Amino acid sequence: MIASIPPVVPAGRMSQSEQPVFQLASGVRLRPWESQYAQVLVDSSRDPGIQHWNRPGLLSIDDAQARIARWRRRWEAEEAAVWAIQRVDDDHPVGLIGLGDMDFKGGSAEFLYWLLPAARGSGAMVDATIRVSRWALDVLGLHRLRITHSVANTASCRVATRAGFALEGTMRSALLHADGWHDEHLHARIQGDAWPDEEHTTTADLNVSNLRNRPAAT
Ligand SMILES: CC(C)(COP(=O)(O)OP(=O)(O)OC[C@H]1O[C@@H](n2cnc3c(N)ncnc32)[C@H](O)[C@@H]1OP(=O)(O)O)[C@@H](O)C(=O)NCCC(=O)NCCS
């Protein structure tokens, strides 16, 4: 008889927990999206960079509110974990970071992220990527995290590299953008990879104790 392979992450680790809030050394906070911030999603979908690289479509306020509600359901279904990025001194989100395509059985997930133009250039996305990776690997117990981006998106490539995601290869003609098919880089971080900067792990977190008290992943 062939022994079945247990899921890398047992079901329930996310659905039985509140989504954590993270405060980062770079002066930003990651927190769950709330419907009152729907206009930020509408605005983001009108930014040429976000529209080109993230391909959200042009969102109405109803679309944006539906999207925020869907993210909450996807947390509960353990399918996605999406945070708003806010400066600590301002309640208004300036970006988004999250994990989609979450696969507890196989132990993997894929990053998505963007910043509004005014928030770019501060290194906040590198910090946020490291912090969410720490949570996903060390607390949740996933094994492998991916970042994929068009080979033409230098800023995203730098974020992935600086966050310690090794470049594993180029996927040919992998994603259709408005100007045609783009080759994409595949970057990944797996359990045991070195962290680029320990400073990113020592910032204060706001309500992660409920997850921290859970047994380690097997
Ligand atoms: C990708 C993104 C989140 C990066 O955030 P950012 O704040 O701009 O990144 P940083 O300022 O920390 O810059 C990261 C690096 O990219 C470089 N860079 C930034 N914009 C660049 C550009 N347009 N062209 C070339 N290099 C660029 C920076 O010089 C920096 O290089 P360094 O690491 O050598 O210092 C942000 O640019 C963004 O949201 N872009 C639009 C949407 C998008 O691309 N989403 C990702 C889809 S995969």
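## Where Val8 sits

Which segment holds Val8? In this predicted model, Val8 belongs to the stretch that comes before strand E1 (22-23). Is Val8 buried, exposed or partly exposed? Val8 is partly exposed, because 19 other C-beta atoms lie within 10 Å and a residue needs 20 or more to count as buried.

The C-alpha atoms of Val8 and His143 are 7.4 Å apart, although 135 residues separate the two in sequence.

## The overall layout

Let's step back to the whole chain. It has 218 residues, and 34% of them count as buried. Six helices and eight strands make up its secondary structure, and their order along the sequence is β-β-α-α-α-β-β-β-α-β-α-β-β-α.

## The nonpolar core

If you are looking for the inside of the protein, start with the largest nonpolar core, which has 51 residues. Ile85, Ile97, Leu99, Ala128 and Ala136 have the most contacts inside it. Helix H4 (residues 124-140) is the element that gives the most to this core, with ten residues.

Leaving aside residues up to four places away in sequence, Ala128 touches Leu24, Val28, Leu30, Ile85 and Ile97.

## A closer look at H5

Which residues of H5 are buried? They are Ser156, Val159 and Ala160. Seen down the axis of H5, these buried residues fall within an arc of 95°, so they line one face of the helix. An α-helix has 3.6 residues a turn, so residues three or four places apart point the same way.

The buried residues of H5 pack against H2, H4, strand E6 (144-150) and strand E8 (180-190). After H5 comes Gly164, with a positive phi near 85°.

Helix H3 (residues 61-76) has 16 residues. From its first C-alpha to its last, H3 reaches 23 Å, close to the 22 Å expected at 1.5 Å a residue. Ala64, Ile68, Trp71 and Trp75 are buried in H3. Why do they lie on the same side of H3? They do so because they cover an arc of only 55° around the axis.

These buried residues pack against helix H1 (38-44) and strand E3 (81-87). The other side of H3 has the exposed residues Asp62, Arg73 and Glu76. Glu78 follows H3, and its phi is positive, near 60°.

Key
Residues numbered from 1 in each chain as written. Predicted model: local features only at pLDDT ≥ 70, side-chain atom pairs only at ≥ 80, totals over all residues. Helix = DSSP H or I, 4+ residues; strand = E, 2+ residues; numbered from the N terminus. Buried ≥ 20, exposed ≤ 12 C-beta atoms within 10 Å, placed from the backbone. Core = buried A, V, L, I, M, F, W, Y, C linked by C-beta atoms within 7 Å. Contact = placed C-beta atoms within 7 Å. Arc of directions from axis to C-beta. Expected span 1.5 Å × (residues − 1).
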